[in-house]
Structure formats: structure tokens, C-alpha cells
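Here are my notes on the model, point by point. Please read them beside the coordinates.

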Amino acid sequence: FACPPHRGTTTSSHYSSTNMRLKLPITCFILQIILIILFGVLVQYDEDTDAKKHHHGNHSKTKPDIENDFYYRYPSFQDVHVMIFVGFGFLMTFLQRYGFSSVGFNFLIAAFSLQWATLMQGFFHGLHEGKIHIGVESMINADFCTGSVLISFGAVLGKTSPVQLLFMAVFEVTLFAVNEYILLTHLGTRDAGGSMTIHTFGAYFGLMVTRILYRPNLDKSKHKNCSVYHSDLFAMIGTLYLWMFWPSFNSAITEHGDPQHRTAMNTYYSLAACTLSTYAMSSLTAHDGKLDMVHIQNAALAGGVAAGTAGEMMLTPFGSMIVGFLAGIISVLGYKYLTPILENKLKIQDTCGIHNLHGMPGVLGAIVGAVTASLASKEVYGEGLEKVFPEVAGGHRTASYQGGVQAISLAVTLGMALFGGLIVGFILKLPIFGAPRDTTCFEDSLYWEVRKPQSHFSYAEKKIGTSFSITVLFYKQFLWKTNISD
Amino acid sequence: FACPPHRGTTTSSHYSSTNMRLKLPITCFILQIILIILFGVLVQYDEDTDAKKHHHGNHSKTKPDIENDFYYRYPSFQDVHVMIFVGFGFLMTFLQRYGFSSVGFNFLIAAFSLQWATLMQGFFHGLHEGKIHIGVESMINADFCTGSVLISFGAVLGKTSPVQLLFMAVFEVTLFAVNEYILLTHLGTRDAGGSMTIHTFGAYFGLMVTRILYRPNLDKSKHKNCSVYHSDLFAMIGTLYLWMFWPSFNSAITEHGDPQHRTAMNTYYSLAACTLSTYAMSSLTAHDGKLDMVHIQNAALAGGVAAGTAGEMMLTPFGSMIVGFLAGIISVLGYKYLTPILENKLKIQDTCGIHNLHGMPGVLGAIVGAVTASLASKEVYGEGLEKVFPEVAGGHRTASYQGGVQAISLAVTLGMALFGGLIVGFILKLPIFGAPRDTTCFEDSLYWEVRKPQSHFSYAEKKIGTSFSITVLFYKQFLWKTNISD
Amino acid sequence: FACPPHRGTTTSSHYSSTNMRLKLPITCFILQIILIILFGVLVQYDEDTDAKKHHHGNHSKTKPDIENDFYYRYPSFQDVHVMIFVGFGFLMTFLQRYGFSSVGFNFLIAAFSLQWATLMQGFFHGLHEGKIHIGVESMINADFCTGSVLISFGAVLGKTSPVQLLFMAVFEVTLFAVNEYILLTHLGTRDAGGSMTIHTFGAYFGLMVTRILYRPNLDKSKHKNCSVYHSDLFAMIGTLYLWMFWPSFNSAITEHGDPQHRTAMNTYYSLAACTLSTYAMSSLTAHDGKLDMVHIQNAALAGGVAAGTAGEMMLTPFGSMIVGFLAGIISVLGYKYLTPILENKLKIQDTCGIHNLHGMPGVLGAIVGAVTASLASKEVYGEGLEKVFPEVAGGHRTASYQGGVQAISLAVTLGMALFGGLIVGFILKLPIFGAPRDTTCFEDSLYWEVRKPQSHFSYAEKKIGTSFSITVLFYKQFLWKTNISD
């Protein structure tokens, strides 16, 4: 059965530049083959995963290795995995005619970034006898790095081809790994949930890319840059999965024991408080008090971003709730007042408003983390200080020095993101990647076979044939003539 | 880009009473600020979560604390969390024009109830040196209490403002905590999955509230109180997540070891049997044998409710399947025959049919629990008796006494729910909460910015301009004139 | 409130044969009652689940049994459970008018198959003193068997009544258990993720059934055998959950420790590589380079199928990625070129293209497994050899003999599936099961109450009354008369 594809006025088969038939396959194949070769040369199972190296063997073969990292990290890994693919993927389906691309390109660049991040992060985390050792922690870290790429995707959503996105991912993953290496390894920064490394980096990188890719005539497709009723419901699937699993995200690679539990709990209360302030602000800033789905879908998540750095610290539920409360307020205000300014004055066309969900809350999270770190003390953390601030516990640093390092890390991240986004933006501007024209932005049918929409109405019409329409018309005419005096 | 909001005939900007611009922000802000203050004064991390108090320290810092409750409860917690936000949220999206409110108000009142329940349950569970200690178990319990509020939400769905719902949650959470305290702490009732504390309480509380809020002219909006094709599919997302994770729900706070496993397994088989009887009854009670989505979405879950009390007991898979089988039958019969009676005779307008999904199956579950408890014996439970019935194992009670306590607990719960619902119903009836008018029930656009629907048709129409419509009309006219004799 | 059901031209209340009012209830009730009786006679809790038998008792009652299988398997079980109900269920919602049946019949036959598989697999795995002992592993295995039935469902989707599907499940579960018994118990085959037992078996069984049920006039309903925009988005929910949780699926019942971790990781990298080759091939094989949702929804999952057998072996990430890469290519080519041949030449009407997602990738997985097994050695696996190839480690077999056994197992599976499908196909062809007519295939309203679709347009029309339409018409007439010269 051949379902007829929809070839409306928006198809672009005559624009050779946006035809992906060679560009996308060649890009995917080359990238994947390079990945396979590099994995063959460089990558090995880690101790927990390799059949030979695995020697915790005081347990019988049918008993679980009860101290094995994998068992304790795997459920968190799966939660993070759901956030990356369903969370980010569906959050971006809010556009009325861009659902395939939102979910589908999210899927594609995530699948690529996961592999590439394994290599890049493994390289910077250090080789073992020339090899990258991978395990459950590397899988989580790769998902984290992918999250950062998907945040940037949100800024350029609807205005970029899949080939552009893949190249953006190539560069962004690399820079992410460098920035992460500088922060976590060199500076000794604490950033378990990635307020800086993931959110601030991804947001400002993406904002700079979309600035460079500025389209003065984007209003030609502005009627498609809107949601419809069902697309907003699809987007809520993404929102809820991000919201529910954010405690797993922030705690996924914290130290086992109390830091992990504390992080999950702090994030949970930050998100809950953020949700109430988001609803309040959304209603308050509307002239008729009506809630705006854009705020609910996005700003309610800002509490998770803002708890990313300090989540593992002794922030207390009280502190977490204050942070989340403020994050929700800032985020809604950003959507309402700052996004139009960014667009009109600074020429930053931020499709998903990542500046409000990841940018400002990420910076807030970094600042909260710096302040909380500078207040750390043996009195508050006891023996647990070593798990959260090993440098401070070991006497190599004072708490306020650690706080200063945290603040510097934010500056480094912002610099890396903006400078990286600048370079990558210009690369992506090259007219070889098949970017959509201004009139065909936010439109799936440019890159996807979109079946001819068969509404219930048109379906019925087709079934019964043209005579149906005529009957309707006749009926209406008749009514018109007889009832026109009503 | 300004997406034009839809201002159809149903907007209510001229009804000052339903304008939420001040009511909702003020309510949210005051509630959240009170929560933050109370958390600051009263709440502390528990031992597993606090950096200082955490002294299981015979493990190195990178090894998991293998006996820590958190690791074993956290995956269950996340399953329950998904049920609360995605399960309940999407289950209620079945209404054609109330999807934003179903998911969105569910989200709002859940985020509030989680925090408020932490305080209320913590207070009744007992303070430690003036403080409430929170951890993974308190997070699960807060989700449970929230579930009860969301059940009640199902009864009043479409007929209440978000401010009404928040106030309902304030009172219901408090009463829930009191009832739970009486049952679990004072009476020594066993109710791990909450057939009584969660489902019976939430259902009869909600039914009484909707009785008090009875709207004689609700049929003015009855054409919106229906599902459409896609809204039923969204609702199935909710159904399936509730169904799949109900074993985690019922077992989330049971004792570790065999009780937890048994509860999960009993619930699993109860649900499977319930599903088959639901399909059978749905087809049997339709005049043309066609299945009804309302039954599938709801009645197939009744087996989980009915296994809530006895799930942890030695109910056996055989017994579980009988319970689930009956629950499915009762629930479909309720939807088919009892709901219209409740509405027409008792003036109980139960939007989601919570009486059929939570009310009757909850009572069934309580009765099954009472009977199963009264049959408990050392022969059947062995050493395990202590984990399920510590009072019986300790010799303080006979099994039949425990069964009597279970039955009394049901009566107490029903009394608390009905009396509480009565009071709260009258409070919510005060004309200050911005309740919708009879004509604007079940309508998102009252409280939400709803973008102007852009169907594929109207989208094409807009693109090509008005001339398109005229061409169509001309074409139809032409056809009409030439083919009218067909 | 009575929502008027939609009685369009496609309802079939006058076709007595497809009326399910007696057939479906009787089938469900009889099957469920048989299940309850057999469970009552045959089934017992296993040691980990029974209150009495549970004697790991060196832990206090509130501490988890840290070596208990349940805790380590339960999160994987829930992931598999999600794949069965949400993954398979929503993957099949791509059809425009068959979403209720896709999700709903998936739900029904899964709920039945879970119970029946527990009995059949328990029977073949061996009775303990005349009883089947059930626990978390039996629950996972039952989900696996159910997965196989749902694969076959994909081939006959849209062309079968729920009664046919239930009878198909009765026979297929039985044959699945026999085949699994021959392979795993008699031949000592390794197939943890079920490339053979689940995917190859389910696919070729289903293909043979749909061959026997061949409908020469199926093109009468071909206009319904297509997707629409929103149905493709719903299907992506299924795809993503299958993709994300496939690592849990393949590793759910592998040995604890390194085999489980390795399986999850191999599957993860196989899927990632498969996704890139799927996108590449989908674009490459389209004349205008546009991606096809059918490929993305299905072929991107082939990497999980192909890693089903060798996933637990020392396939290495490098090998896994090659396998996934090839699986994606094969699968897209199958959809593009083989499916039309199967349909036109071999009269195999494969609605979901299960031959491309489960058939060929399953065979590929079996071959990869045979080759990888034949290369197993003490040098590579060390002490771990016993966990993966106990027969080889014990000296009872050489590695190449194990490889031969794996190859033979594929042949046995193919034979069982094709022969079983032949017999069952003829049984299902009996004109007593209420199969749909050729004109009413792929149509929910045959078996479901489908509410009258209320589009935004018709909703507005209804609200304002007929006068609205007339006003519109009048306005258009007016425009027509005044602007016709444009």
C-alpha cells in the first residue's frame, strides 16, 4: 500500500540545497564509521563489565555483586536516558508542524553524541594503558554531555538541518569535554548535576550559535512557530519526565551514600517549590490571569537546573526550596520580558527559550553552589565533608577558596560556551549544510515524508466522494435561503 | 513572534470571578512561602541523607552503602512518582478540551501536596527533637498522600478552579494524615498499598465534595464532557503507566524482603486478571459488543486498588487473581449502571468515575484485607508473620482481632472521608475561588491561553490567503450547478 | 451525560459476524477462569517471595536482603514491562484509525499472555513437588514470551478480531515455551536477549499466520492503512521506550555481574550505531532525501534485536556497533524493497513490517551469536567463561561445538515458528472469530465505541449553532461577489 505523501506548497524538492539525499547519508555514514574505528582502537570494557578482569569473585556465580557500581547506578542511568530521549525529545514537540523533527533529530543527534562523548570524555578523563575504559558511569556521563547538546538544539530548533545539527554536536561535545575536564579535573570544581558544565554551557553555546545564524526574515515562517492544542500536550510528556527524573539526573554520579540521597531530595524540593512559583508568575504576568503552557512546560523545570551544583551539598530542603522558588520566578520573567528583548535588540532567536530554562537558572545554580561551598565546614558535614569537598576535607583548600573556584568555573564555562558558539556558529553558516530557507523554517515536510493529513472530515469526504461536499453546500444554501432572516 | 491566542466565544475575561490573575498568584505564593518557612523551622535530613549523621562508615567512600534503605526504595519511589504525575495526569486528559487543565492542575496540586504532605505526615509520624526527619520513605509517603488528593480531583475535574483545587489539597492532605495516623499508628492497621488510606479515603472525600458542589445546570457544558479520538489515546498513556507501576506502588513501603516481593507479584496478577474481566464486561454490557475506552482506561486498574491492603499478605497468586477478576467486573458495572444513578438520584457528578475505579475497589480491597488478615497464622507465614502482622506475631492480638481492626479501619476511613468532604465541600462553595460557570466547565480556555487552533485546513487557508476559500466556494458552486441533478 | 457515539458509514452493527458481544466476553471469561483454576492448583510463591520459606534471616526485619535476586532484577523487570505495554502498544498506534485497537488489544493479549506464559514456561522449566514456583525471574520471562506474541500481532495488525488474537496467543505462548525449552534446556543454547527465542520466533510465526490469513482484497481498506501526523508522534513514544530500555531487556535475565553489565552496554552501543545507519539509509533510499517515519520508528530498533544473543558475550563495543550498524541498513532496505515483494509475490501482508524489525535482525543476531560463541576462549573470558558458557567452561563442549548448537537452534526456531504459524493460521481462519471484512480492516470503530469526532471547527459550529455556518457562507458569498475579479 502506498500512502500518498503530502506534497503541499511547502515541499522543497526543487531547492537542491535542502535536499538531504546525499548530505545526510554521507555525514551519518562517515561519522559512524569513524566512531566504530575509534571504538575498535581505543575502547575497552571496564573491570565491572569485562568477563576476564572481573574478580570480585567471593560471590557464587548466581549471586549479585552487591558492591558493584553498576547495580546502584543503572536505575539512575535509565532515568537520565529517559530524560534525554523522551524528556528533551517531547519537550520540543510543542511546535505545530515540527514534531517529527523535534523528536527525530533529537533522537539522531543524541545517538551520535552518546558515542562521541564516550570517546571525548574518556580521552580527557585519562587513558588506561592507551585505552578508554567504559562502564555505567561513562554511559551516564555521555548522556550528560548529550543533554548539553540538546539544550543548544533548543535554541536553533526549526532553523537548522540535521546535517548542521550533527556538525554542531561534533564540535559541542568536544568543547564540552574540554570544559568539563578543566573544571572537574583541573580546578576541582563540584558540579554533580551540571548547572555549569551542562546547563550554562549548553545554553550560552546555543544562544551564541543562534545569534550567528540570525535570520532577519524569520517572520516569514512565524505562523508555524506556534503550538497547537495537541502539540502542547505532547510537550507536557517531555516536561513531566524531565521534572520527575531530575532528582536522578542531579544525583546520578554523586558519591554513593548520603550525597546521592541528599542530591535527589534537594532537587525534588527545589522542583516542587519552582512549580508553584511558576504557576503564580505565569498567571500574574498575563493580562487576563490565564496560564501559559510555555511557562508551565519550561519554567517549572528551572528548579532542577538551579539545584544542579549545590544539590549534593548541605543545602537543606529549606535552601533548596528557596532556590527553586526563585528559579521559577526568574524563568517566567525571562520568557515574558527578556526573550523579546533578546530577539529584537540582540538578534538572538531562541526558539525554546533555553536562556530562561537553562541559561539563567544555570547561572543561578552556579552562584548558589559557590556560596554554599564557601560556607562548608566540618561542623555541618562531619565525616561527610570528604565525599563532597575532598580538597577541603584534605586541608588543601579552605571552603571560601573552594567557593572562589566555583565562581571562576562559571566564568570559564561562560567563556568557553560563548567563544565556542561563536566559532561553531560561523562554521554552521557555511551554505553547504542544507539549512532551511526563511519560509520553510519550523516545517517538518522539508526533511520528512509527511503523509497527507487525513482529518476526520476529509476522510469522510473522500469516502463518500465529492457528492458529499456538494450535498453539504446544497444543504447550506437551502438553509441560507430559508433562514437568512434569523 | 506573537502566537495569537484564541479568543473565541468561551473566553471569560469579562467574568471577573474566574479571572485568576490575583487569586492564583496570591494563593500559590502564600502557600509556598508558608511551606518554605515551615520547612526551615521543622525539617531536617534523616540519617541516610545527612552528611554528618551518616555513620555506616565501614565502607570506603566510593562503595555504596549496601544496606541503605535509599538504594532499595528509590526505584520504587520513581515508579510511584511517574504514576502521580504521568499516570494520574494523563489518565484525566480524556476530555476533549480539558487536557491542559488535567495535566497542568494535576501537576500544580501534586507539587503542592508533596510538600504539604511531608509536613503533615512528618508531624503525625512523630517529631525527633522537634524536627521532622525526611528521607526516601517520606518522599514515597508524600506521593501516596498526593495520590489521594488526585483521586478526589478526578471527581471534580472540569468543574473547579485551580484555587479551589489548592484549597481542597490543603484540607485533604491534613485529613489524610490524620486518618493515616489513626489507622497505621493507633489501630495498627495494615494497609501498605492504601486500599483504605489512599483509595477509599480519596474517593469518598472527592465524591462528597462533588456532591456539595452539585451543579443542576451542568448539562449546559455536557457537549464538552466527552472524549475525542486523540484525547482517549493520551489517556491511555496514563492508564498504562498506572497499570505497569502499580506493583511498585503497593510494595513501595512494605517491609524489605519477601513482603515487598509478594506484594509486587500479587498486584501484578490481580491487574492481569482484572484486565481480562474488564474487556469481557465492557463488551458484554454494550448493546453492539463494542469496547468502551472509559472502561479500559479505568476499570482495568481496579485490580491494583483491590490488592492494596492484602497485597503484602499471603493472598497467593490464585487469590490475587480472583480479587482482580471481581474488581474488574464491579468497576465496569459501576460505570455502566451505578454512575448514572449516582448522578441522577444522588446528585453526585463524578467526572472520572472515581467511585468505580477507587471507591468500590477500595472497599473491596479493605474487605479482602480484613478477611485475609483474620486467616493469618504461623503455619502459613512462619517467621515471616512478624514482618506482616507484628502485633499478631508478638502475641498482642489474635488474627481475627486484626481482621476486626481492619474492618473498623474501613469504617473510620469512610467516616473521615465523608465528613471531611462535607466540610471542605462547603468551604469550596464560597464564591471567592473563581469556580467556572456552568457553561464554561470542561473548558481549558477559561484558565489557559489556548492558541488559536490551526488545523491543516485553516493553516493552508491562511497560507494561500482568502482567495483560496473563495476559489473553493466558486468551485463548489460550479460543481453544484453542474452536478445538482446527481 | 451521554456522549453520542459515532455511527458513520463504517460501523458494522449489522454484520453479525463481527459483533463481539458474546464472543469476546465468553473467550475472556473462560480463559481467565481456566487461568485462575490452574494457578490455584499449580502455582506457588518461590523462596524469595513466600513468607514461610524465606530464611535468609541473618538480617534484621527492616534491612533489605542484600543478596536477594528480586532487588537486582526488579528495575529491569519494570523496564521490560514498560516495553511490552507502552513500547509495543504505542509503536503500533501509527495507523490513523487504529490507535484504540493497537494500544487496547496489545494490552488485552499481553495481560492474558503474561498469565498463560507463567504456566507454560513454569511447566517446561520443571515443577517443584508438582508446583510451579514463581518470582521476579518468572515475571520477566513471561514478559519476554508476551513480547513474542506482540511481535506476531504486528504482522496481523488491523486484520484480526480480539478473539482471534487471544486464540493466537493461546497457541503461540505454548509453542514459544516448547521452543524455548528445547533451546535453553535441551540444546544448551545461549540466547539471553532472545534474538532467536523471542524475535525470530515471533516474527516468522506471525508472518506465516498473516500468509495463511492472506486477504486478496485488502486494498479496499488501504486508505486507512496509513499514518497521520499525530499518530506518527504517538508511535514515536513506543519507539523511544523500546530503544531506551532495550539494554534492560537483553540483560534482564543474564547472570549477575559482568555478563549483565556487558549485555546492557553492548546493546546500548548497538542501538546507537543502528540509529545513525537508519537515518542514513532512510534518506538515501528516498528519491528526495526525505526521512520516512516508518524507518525511524522501526529500523532504529533493529540494533537491539541483533544484539539479543551475543549481547552477553565478549562482543566488545566495537563488535556491537558493527552489528547495530548492519542491522539498521538491512532493516531499512527491507522496508523499502523487501516488504513490497513479500506482499505482492509471497502474499505476506505484514502490517508493521515485523520481518524488517524482528525477522531479519533476529536471524542476524542468531548468526552473530553463533560466530561469537564459536570464538569463545579462556583467554578472552577468563573465569567469566563459566557464567556465559558453562558447558564450554566445564569442558563438556568446545567453543565451536557451542557455535554449532547456536546455529542449529536458529534452524529449530525457524522450523517451529513456520510450522506453528501454519497450523495456527488455519485455525484462526475459521469463520467463527469475528474477523473484520476487507472493507473494515484498520478501523477502530468496528470493535470500539468511537465518539463522534469533534474538531475545533465542528465544536465551534455546534456551540454557536447553525447560524454560524450560514453566516460564514453568507460572508463567503459576499466576498465572492465582490472579490471574484481578484
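1. Ile34(A) sits in helix 1 of chain A. Helices (H or I, at least four residues) and strands (E, at least two) are DSSP runs, numbered from the N terminus. Ile34(A) belongs to a nonpolar surface patch of about 440 Å², together with Leu22(A), Ile26(A), Ile30(A) and Leu284(C). Helix 1 (residues 23–42) of chain A brings the largest share of that patch, 3 residues. Patch residues have over 30% relative accessible area and no salt bridge; nonpolar side chains (Val, Leu, Ile, Met, Phe, Trp, Tyr) are joined within 5 Å, like charges within 9 Å. Accessible areas come from the Shrake-Rupley method with a 1.4 Å probe, and for residues only the protein chains shown count as cover.

2. Basis of the values. This is a predicted model: local features need pLDDT of at least 70, side-chain atom pairs count only at pLDDT 80 or more, and totals for chains, interfaces and linings use all residues. Residues are numbered from 1 along each chain as its sequence is written, chains are lettered from A and ligands numbered from 1 in the order in which they are written, and side-chain values use heavy atoms, with hydrogens and water left out.

3. Chain B against chain A. Contact (heavy atoms within 4.5 Å) joins 94 residues of chain B to 96 residues of chain A. The buried area is about 8600 Å², with 71% from carbon and sulfur atoms. Buried area is the accessible area (1.4 Å probe) that two parts lose on being put together, summed over both. Several elements of chain B each supply at least two residues to this side, among them helix 1 (23–42), strand 1 (43–45) and helix 17 (456–464). By class, the side holds 53 nonpolar, 27 polar and 14 charged residues. Here Ala, Val, Leu, Ile, Met, Phe, Trp, Tyr, Cys and Pro count as nonpolar, Asp, Glu, Lys and Arg as charged, and the others, Gly among them, as polar.

4. Chain B against chain C. This contact takes 95 residues from each of chain B and chain C. It buries about 8600 Å², and carbon and sulfur atoms give 70%. Tyr229(B), Leu276(B) and Lys290(B) supply 9% of the area that chain B buries here, more than any other three residues. Helix 8 (258–284) is one of the contributing elements of chain B. Helix 8 of chain B gives the most to this side, 19 residues. The classes are 49 nonpolar, 26 polar and 20 charged.

5. Salt bridges. Between chain B and chain A the count is 0. Arg73(C) and Asp69(C) form one (3.6 Å, N to O). Arg73(C) and Asp69(C) are about one helical turn apart, because they lie 4 residues apart in helix 2 (residues 69–91) of chain C.

Technical notes: Salt bridge = Lys/Arg side-chain N within 4 Å of Asp/Glu carboxyl O.
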